[in-house]
Amino acid sequence: MEMETVTENQKVKTAKKLKKMFGHMDRRQMEYCPIRDVMALASDKWSILILLYLGYYPVLRFNAIKKKVYGISNKVLSERLKMLESDGYLKRTLFPEVPIRVEYRLTDFGHSYVEKLLDLTEWVTTYSDQVVANRMEYGKSEGPCSGS
């Protein structure tokens with residue numbers, strides 16, 4: 001039963017962290033939520049992929065990022081790159097050549113975030129089969145004869 005003890009300890013530690021995070025906030029403070037504000041940009045599906053690719057490849061140009069982040073439009077990629085640069089995750093370097101060359105690379109701050117993203121992606125890799133199984137099980141219980 002040691003596994004249950006570890007799980008209970010993890011739940012207690014998580015509860016303490018959450019209390020520390022939210023316990024001091026009143027309603028006015030929650031209108032501006034730094035967690036939501038920061039996480040909204042840095043955790044959308046496109047930004048995560050951009051940051052992970054920039055973590056893997058030290059320097060990438062716009063078109064190289066676009067090829068790697070399959071399905072992203074030029075407009076969305078341009079917007080995400082500007083937002084990630086303004087928040088300090090990446091650095092944009094413009095070379096005054098003809099034609100103009102622009103390169104993107106992670107900042108040290110961006111690297112520290114990518115380290116945390118890797119923890120999350122490892123968790124996703126470990127538990128993705130469980131998520132799929134949960135979805136299938138949920139789909140079965142949500143059928144027309146489920147009595148819901």
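The structure is a predicted model, in which local features need pLDDT of at least 70, side-chain atom pairs count only at pLDDT 80 or more, and totals for chains, interfaces and linings use all residues. Residues are numbered from 1 along each chain as its sequence is written, and side-chain values use heavy atoms, with hydrogens and water left out.

The protein has seven helices and three strands. Helices (H or I, at least four residues) and strands (E, at least two) are DSSP runs, numbered from the N terminus. Read from the N terminus on, the order of elements is α-α-α-α-β-α-α-β-β-α. Of the 148 residues in the protein, 20% are buried; buried means under 20% relative accessible area, exposed means over 50%, and partly exposed lies in between (1.4 Å probe, protein chains only). Among the contacts in the protein with a separation of 6 or more, 46% are accounted for by residues 24 or more positions apart, where contact means heavy atoms within 4.5 Å.

Axes are lines fitted to C-alpha atoms, for helices over the stretch in contact, and angles run from 0 to 180 degrees between N-to-C directions. The crossing of H4 and H7 is left-handed, a term used if the near helix is turned anticlockwise from the far one by less than a right angle, with right-handed used if it is turned clockwise. Ile48, Leu51 and Leu52 of H4 meet Tyr113, Val114, Leu117, Leu118 and Thr121 of H7. By class, this contact of H4 with H7 has seven nonpolar residues, one polar residue and no charged residues. In that classification, Ala, Val, Leu, Ile, Met, Phe, Trp, Tyr, Cys and Pro count as nonpolar, Asp, Glu, Lys and Arg as charged, and the others, Gly among them, as polar.

H4 also packs with helix H6 (residues 74-86), at an angle of about 70° and with the axes 10 Å apart. That makes H4 roughly perpendicular to H6, and H4 passes H6 in a right-handed crossing. Trp46, Ser47, Ile50 and Leu51 of H4 make this contact with Val76, Leu77, Arg80, Leu81 and Leu84 of H6. By class, the contact of H4 with H6 has seven nonpolar, one polar and one charged residues.

Asp44 lies in the loop between helix H3 (34-42) and H4. At 16% relative accessibility, Asp44 counts as buried. A polar atom of its side chain lies 2.9 Å from the backbone nitrogen of Trp46, and the side chain of Asp44 also makes a polar contact of 2.7 Å with the side chain of Ser47. A polar contact is a pair of N or O atoms within 3.5 Å; within protein, one must be able to donate a hydrogen and the other to accept it, and residues adjacent in sequence count only if both atoms are side-chain atoms. Leaving aside neighbours within four places in sequence, Asp44 is in contact with Met39 and Arg80.

Beyond H6, Gly88 lies in the loop between H6 and S2, and at 24% relative accessibility Gly88 counts as partly exposed. Gly88 and Phe109 are 21 residues apart in sequence, yet 6.8 Å apart in space, C-alpha to C-alpha. Not counting residues up to four places away in sequence, Gly88 touches Thr107, Phe109 and Gly110.

Pro99 is placed in the loop between strand S2 (90-95) and S3. The peptide bond that joins Val98 and Pro99 is cis, with omega about -5°.

Strand S3 (residues 101-106) contains Glu103, and Val102 is also found in strand S3. Val102 counts as buried at 16% relative accessibility, and Glu103 counts as buried at 12%. Val102 and Phe62 are 40 residues apart in sequence and 7.2 Å apart in space, C-alpha to C-alpha. The side chain of Glu103 forms polar contacts with the side chain of Arg101 at 2.7 Å and with that of Arg105 at 3.5 Å. Leaving aside neighbours within four places in sequence, Glu103 is in contact with Val59, Leu60, Arg61, Lys91, Arg92, Thr93 and Phe95.

Definitions and conventions
Angles under 35 degrees count as roughly parallel, over 145 as roughly antiparallel, 65 to 115 as roughly perpendicular and the rest as oblique.
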